[in-house]
Structures are given as structure tokens and as C-alpha cells.
Amino acid sequence: MQSYIVMQGRTYDEEKELGVLWSLQQDSIGNVHHFWERMKEVDEGDRIFHYVKGDIVAISVAKSSYREERKPSSIRLTDSEDAKGYLVEVEYHELDKPLTIADCFDELLPLLPIKYSAFQENGNGNQGYLFPCNEELTIKLVELIADLNIYEIDEEQLEFVMGTVQKTEHDFLIPVLAETESETKTKVRMGHQRFRNELMQLWNDQCALCDIELPELLQASYAKPWKDCTNNERVDPNNGILLCRNHDALYHYGFIAFDGTGKIHISSRILEEDYEKYGLHSKMRVNRTENNKPYLKWHKKHMFKE
């Protein structure tokens, strides 16, 4: 199961009425864009969060993979009459209380990918149509939506509000949210377990910098974070270094990085006289390979705090 964020704006009502997502294949001068091509990645059972004018207003479940189809006449798009496009049938579940992105953006920002994010750094939506939604972002969105839309009813209340109970029994939003969260967390957990197991073997069961061997103190550190990875990169042991908890935190937050030769780079935010305090020295290096070299370079470029 994959998740996506669709930026619908003025077409939301028409697409909801039809029970579909629909996008162009190319623009008026023949350009093809990633946010339209991504429609071809959607499979049955995938989840889509619907963004309209600053809010997540619905979550839907894909009923099919895509098919090529000309624009439905009820969807109003300027200069796009009878245009070729991609269509996915979905089942919409509208939220009683939409999730306003601006209200929770501080929680979402650390989970946004560097490339192909649905949102800008100021919280506004990016121009486009269908954007990827990584597993960590999916879990956070589900939690925030559930906090707004799921209410607990105690036993005393149940005797007097049977209408509410019946409505809840027919409300498919709760099982959709629960299943989405469960499947996504399972996928993340299994991916992390596989990644850690293979990383332990690759780095001889010890911290690459200080040789600590206690498994409880070792962390599988991603060079390219989960949110920015493809599915294959998330379980590629070359995309990681086995580090103790201290060095893992320094690496995760960009206070240290490694270049293409494996040489350590230490952020100027750590004073040289404090290196020993953090278990660092300027001549440290890791035994990198050609396979993990691109990941180390990506981390240094995008994560390192000069």
C-alpha cells in the first residue's frame, strides 16, 4: 500500500461526485510532469489524502489502477476540453473536520521529502496534482486526522445516543484510518528490521567510529532518510552506517558527515575543544565502499550543517 496527496482545488467537487481522480497527460505545449505521470503508479488499495484550499478534506481508497481516459465533461478545466488524461477510480471519505495544514505544519515539516514534496517550506501547497506521501508522513497525517474526527463515547452515553452509535457503525472513516495506520506502521517496522539486520553484518556488528559492540547501543543510521528514499533505497544496507547512539544522533542531525573517501567532516557548530566530549576527532573515517559512496555524498550535501 502506497499513499499520495492530491492537490485538487476547484476540481474537488466534480471529481468527488464521479468518484475519481483525473489528470492531464501533458500540458498545452506537450510537456509531461511528474505529478501527472505519478497517476500510473497508483494501485488498488492505495490511500489518497485530498488537499483543497489549505485543508485535507478527505481520504480515499483507490478502487483500481489507472486507465487512460479523456476528460469527463463535468470536470471544468480551462482549455482542456476532450483532453487525454489518466483516471483512477477511488472511494471518497470526507472528514467531518478538515485538517488545516497551517495548524500542524511544524509537525509535518520534518517529514517532508526534499524532492517532490506536496508542500512548500512555508506550508503552502505546491503547484501540481499527485504527490508522494511517505510512510512517516502518512502515519502523522492519520494521527492528526483521527484526533480531529474520532470521538470516544462512554457507556452511559451509549444508552441514550443509539443514533450516534448506528452512524458510527456505518462510518467507514474509522476502519480506513485504522487500517491505513496499521499497514503503514507494519511496512515501516519490517523495513527498519531488515535494514538493521543487513547493516549489522555489513559493519561487523560494531560502531563504524568507536567500535562499540553492545547491540542495545547500536543504531542503523540512514544516510539518505526514509522520507527521501525510493522503496529499494529504504532497505539497501549501503544507504546506512552502523553507529552507537551518540554518533548516530550526531549523524542523523547533520553534525557529522562523511565524504566520498569516508573522511569525517564535523560541523562548525561543534567547537574543536569539545570534540573529545562528543567522542570525535578530525582524523576519523569510515570504511566506505563504492556502493555506499553515493549515499554518503547525498547526506553530506543535503543533511550536513556546515
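Visitor: How many disulfides does the structure hold?

Guide: The structure holds zero disulfides, a disulfide being a pair of cysteine sulfur atoms within 2.5 Å. Before going on, please note that this is a predicted model, in which local features need pLDDT of at least 70 and side-chain atom pairs count only at pLDDT 80 or more, while totals for chains, interfaces and linings use all residues. Residues are numbered from 1 along each chain as its sequence is written, and side-chain values use heavy atoms, with hydrogens and water left out.

Visitor: Is Cys 207 buried or exposed?

Guide: Cys 207 is buried, with a relative accessible area of 1%, where buried means under 20% relative accessible area, exposed means over 50% and partly exposed is in between, using a 1.4 Å probe and protein chains only. Cys 210, at 31% relative accessibility, counts as partly exposed.

Visitor: New topic: how many aromatic pairs are there?

Guide: The count comes to eight aromatic pairs. Rings of Phe, Tyr and Trp (its six-membered ring) pair if their centres lie within 6.5 Å, and planes under 30 degrees apart count as stacked, over 60 as edge-to-face and the rest as tilted.

Visitor: Why is the pair of Tyr 66 and Tyr 86 called edge-to-face?

Guide: The ring centres of Tyr 66 and Tyr 86 are 5.5 Å apart and their planes stand at 85°, so the pair is edge-to-face. Tyr 66 lies in the loop between β4 (55–62) and β5 (67–70), whereas Tyr 86 lies in strand β6 (residues 84–100), so the pair ties together parts that are 20 residues apart in sequence. Helices (H or I, at least four residues) and strands (E, at least two) are DSSP runs, numbered from the N terminus. Tyr 66 counts as partly exposed at 28% relative accessibility, and Tyr 86 counts as buried at 4%.

Visitor: And what kind of pair do Tyr 222 and Trp 226 form?

Guide: Tyr 222 and Trp 226 form an edge-to-face pair, with 6.4 Å from centre to centre and 90° between the planes. Tyr 222 is buried at a relative accessible area of 15%, and Trp 226 is buried at 4%. Elsewhere, ring pairs link Phe 35, Trp 36 and Phe 131 into a cluster.

Visitor: Which ring does the charged end of Arg 38 sit over?

Guide: The charged end of Arg 38 sits over the ring of Tyr 116, 5.2 Å from its centre. A charge sits over a ring if NZ of Lys or CZ of Arg is within 6 Å of the ring centre and within 35 degrees of the ring normal. The charged end of Lys 305 sits over the ring of Phe 255, 5.2 Å from its centre.

Visitor: Switching to Asn 239, where is it found?

Guide: Asn 239 is found in the loop between α8 (231–234) and β9 (240–244), and at 0% relative accessibility it counts as buried. Its side chain reaches the backbone nitrogen of Lys 224 at 2.8 Å and the backbone oxygen of Glu 233 at 3.3 Å. A polar contact is a pair of N or O atoms within 3.5 Å; within protein, one must be able to donate a hydrogen and the other to accept it, and residues adjacent in sequence count only if both atoms are side-chain atoms.

Visitor: What else is Asn 239 in contact with?

Guide: Leaving aside neighbours within four places in sequence, Asn 239 is in contact (heavy atoms within 4.5 Å) with residues including Phe 195, Tyr 222 and Tyr 295.

Visitor: Last one: how many helices and strands does the chain have?

Guide: The secondary structure of the chain comes to 10 helices and 11 strands, and buried residues make up 46% of its 306 residues.
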